[in-house]
Amino acid sequence: MFAYQDVINGFKSLRSAEDTPSSLSPCQALEFWARNIGFQSYHHFRESLRRQPQDTFAKTSLKLMRLFCGKRLPTLDCAYYEFMVLPKGIGYYSSWIGWDKNGDEVRTPRPLSGKESVKGLRKAADYPIYVVESERELVAWQKVWGSTAYVPEDLAKQHFQKSFNKKHLIADDLPYELIKRKGGISGNISEDNDG
């Protein structure tokens with residue numbers, strides 16, 4: 001699933017993890033995390049990965065990347081979007097943009113401040129919160145890991161185009177009676193069933 005360099009880059013992203021001691025240099029942070037996940041050193045971590053047979057490496061890389069994505073904080077300087085794998089599709093933290101002709105809300109993903117949002121949700125949630133920043137990480141999260149993920153803007157808009165492209169659904173003539181009967185605005189979580 002992941003290549004050797006993907007795993008090394010994922011490991012290096014742990015330097016931004018919230019529980020990395022701030023007093024450590026970047027090199028010391030790599031040594032800290034290598035020992036934290038059961039290796040003698042960063043060198044030992046790299047060599048252990050390099051020596052693994054391909055069939056074993058595939059399972060190991062998926063497990064390690066899940067750990068890395070579940071610990072790191074957003075590293076890109078852009079908006080992030082919160083998505084979740086649901087039984088029938090993909091859900092997302094959303095913003096209301098209007099009403100459709102049936103009196104239903106039209107909602108699109110809401111941009112969030114990645115680091116602050118991830119920190120806050122990880123403190124409150126009893127489920128994993130992943131930060132996925134590559135195509136392979138996104139596929140692994142969506143198809144294997146599940147739960148909730150924060151996705152940077154470019155990757156989110158590329159992968160979940162349907163969720164962002166909804167302005168055409170907004171009604172020109174608002175169906176006030178239907179809106180009133182349905183109870184108005186419901187909440188911040190929306191779902192696209194063909195995710």
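**A friendly note on this predicted model**

1. Let's start with arginine 51, which sits in helix H3 (helices, H or I with at least four residues, and strands, E with at least two, are DSSP runs numbered from the N terminus). Arginine 51 counts as exposed because its relative accessibility is 62% (exposed means over 50% relative accessible area, buried under 20%, partly exposed in between, with a 1.4 Å probe and protein chains only). Its C-alpha atom is separated by 40 Å from that of glutamine 161, 110 residues apart along the chain.

2. A word on how to read the values: this is a predicted model, where local features need pLDDT of at least 70, side-chain atom pairs count only at pLDDT 80 or more, and totals for chains, interfaces and linings use all residues. Residues are numbered from 1 along each chain as its sequence is written, and side-chain values use heavy atoms, with hydrogens and water left out.

3. Now the whole chain. The protein chain has 9 helices and 7 strands, and of its 195 residues, 42% are buried. Its C-alpha atoms fill a box of roughly 65 × 40 × 25 Å along the principal axes.

4. Running over residues 54-71, H4 has 18 residues and reaches 25 Å from first C-alpha to last, close to the expected 26 Å (1.5 Å times one less than the number of residues). Which residues of H4 are buried? They are Phe57, Ser61, Leu64, Met65, Phe68 and Cys69. These cover an arc of only 130° around the axis, so they lie on the same side of H4 (the arc is that of the directions from the helix axis to the C-beta atoms). On the other side of H4, Asp55, Lys59 and Lys63 are exposed.

5. What do the buried residues of H4 pack against? Their partners are helices H1 (4-12), H3 (42-51), H5 (114-124) and H6, together with strand E5 (129-131) (contact means heavy atoms within 4.5 Å).

6. Contacts across the chain are worth a look too. Among those between residues at least 6 apart in sequence, 66% join residues at least 24 apart.

7. Finally, find serine 147 in the loop between helix H6 (135-145) and strand E6 (148-152). Serine 147 has a positive phi of about 75° although it is not a glycine. For background, most residues other than glycine have a negative phi.
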